[in-house]
Amino acid sequence: MALEQHTEVLVKGLKFNGRHGAFESERETEQPFVADILAVVDMPDSCDDAMSHVVDYTEIANALLDLNRGKCYVTLEAFAADFCRGILQRFAGITMVEVQLRKLAPQVTFEVDELGVCVRMHRARAWGMEER
C-alpha cells in the first residue's frame, strides 16, 4: 500500500529585533518582532528515524534571522515573501511554507498588541490536489 505523508515543521514564537517598516524611523532603530513559521514537507512513507530524512527546523529559523540581518524592508509582505521563496528554493522537500511576521511595538496612533502579515507560498503541485 502506497501512503503519502505530509509533515508540518513548526517554528513558533521566534523573537528577533529588526529594522523594517514604512516609516524611516522604523528602519533606523531596531524594534521587536516575532515570527511563526510552518513548513509542509513531503516524506516518503518508508521514512526511518534518520536526521537525513527530515528538515532541520533550526536551519529554517536561521534562514529568517539571516534575511532579517541582511536587509531592511519597507513592507513586511516583501520580507515574508522573500523568506518563503528562499525556503522553497533551498529545501526541495518542502512543498509549502507559511510565515507570520508581527511587530510587537508598532508605531501607530491606536492601542494594539501587535500588527503583522501572513504569507503562504507553495510549489505548483503541492498538496496532492491534482485531478484523479
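What share of the 132 residues of the protein counts as buried? The buried share is 38%, where buried means under 20% relative accessible area, exposed over 50% and partly exposed in between (1.4 Å probe, protein chains only). This is a predicted model, in which local features need pLDDT of at least 70, side-chain atom pairs count only at pLDDT 80 or more, and totals for chains, interfaces and linings use all residues. Residues are numbered from 1 along each chain as its sequence is written, and side-chain values use heavy atoms, with hydrogens and water left out.

**Figure 1. Overall fold of the protein.**
The protein contains three helices and four strands, and from the N terminus on these elements follow the order β-α-β-α-α-β-β. Helices (H or I, at least four residues) and strands (E, at least two) are DSSP runs, numbered from the N terminus. The protein exposes about 8300 Å², of which carbon and sulfur atoms supply 52%; accessible areas come from the Shrake-Rupley method with a 1.4 Å probe, and for residues only the protein chains shown count as cover. Among contacts in the protein with a separation of 6 or more, 62% come from residues 24 or more positions apart. Contact means heavy atoms within 4.5 Å.

**Figure 2. Packing of helices α2 and α3.**
Two packed helices are described by the angle between their axes and the distance between the axes. Helix α2 (residues 57-70) packs against helix α3 (residues 76-90) at an angle of about 135°, and their axes are 10 Å apart. That makes α2 oblique to α3. Axes are lines fitted to C-alpha atoms, for helices over the stretch in contact, and angles run from 0 to 180 degrees between N-to-C directions. Angles under 35 degrees count as roughly parallel, over 145 as roughly antiparallel, 65 to 115 as roughly perpendicular and the rest as oblique. On the α2 side, Glu-59, Ile-60, Ala-63, Leu-64, Leu-67 and Asn-68 meet Phe-79, Asp-82, Phe-83, Ile-87 and Arg-90 of α3. By class, this contact of α2 with α3 has seven nonpolar, one polar and three charged residues. Ala, Val, Leu, Ile, Met, Phe, Trp, Tyr, Cys and Pro count as nonpolar, Asp, Glu, Lys and Arg as charged, and the others, Gly among them, as polar.

**Figure 3. Surroundings of Ile-94.**
Ile-94 belongs to strand β3 (residues 94-103). Ile-94 counts as buried because its relative accessibility is 0%. Apart from neighbours within four places in sequence, Ile-94 is in contact with Ala-39, Val-40, Val-41, Val-55, Ile-60, Ile-87, Leu-88 and Arg-123. Ile-94 and Ala-39 are 55 residues apart in sequence, with 6.4 Å from C-alpha to C-alpha.

**Figure 4. Surroundings of Phe-91.**
Phe-91 is placed in the loop between α3 and β3. With a relative accessible area of 10%, Phe-91 is buried. Not counting residues up to four places away in sequence, Phe-91 touches Val-55, Glu-59, Ile-60 and Arg-123. A C-alpha separation of 9.1 Å is found between Phe-91 and Val-41, 50 residues apart along the chain.

Asp-56 sits in the loop between β2 (31-43) and α2. Its relative accessible area is 26%, so Asp-56 is partly exposed. Asp-56 and Val-9 lie 8.5 Å apart in space, C-alpha to C-alpha, and 47 residues apart in sequence. Ser-25 is part of helix α1 (residues 24-28) and counts as partly exposed at 34% relative accessibility. Between the C-alpha atoms of Ser-25 and Gln-107, 82 residues apart along the chain, the separation is 9.3 Å.
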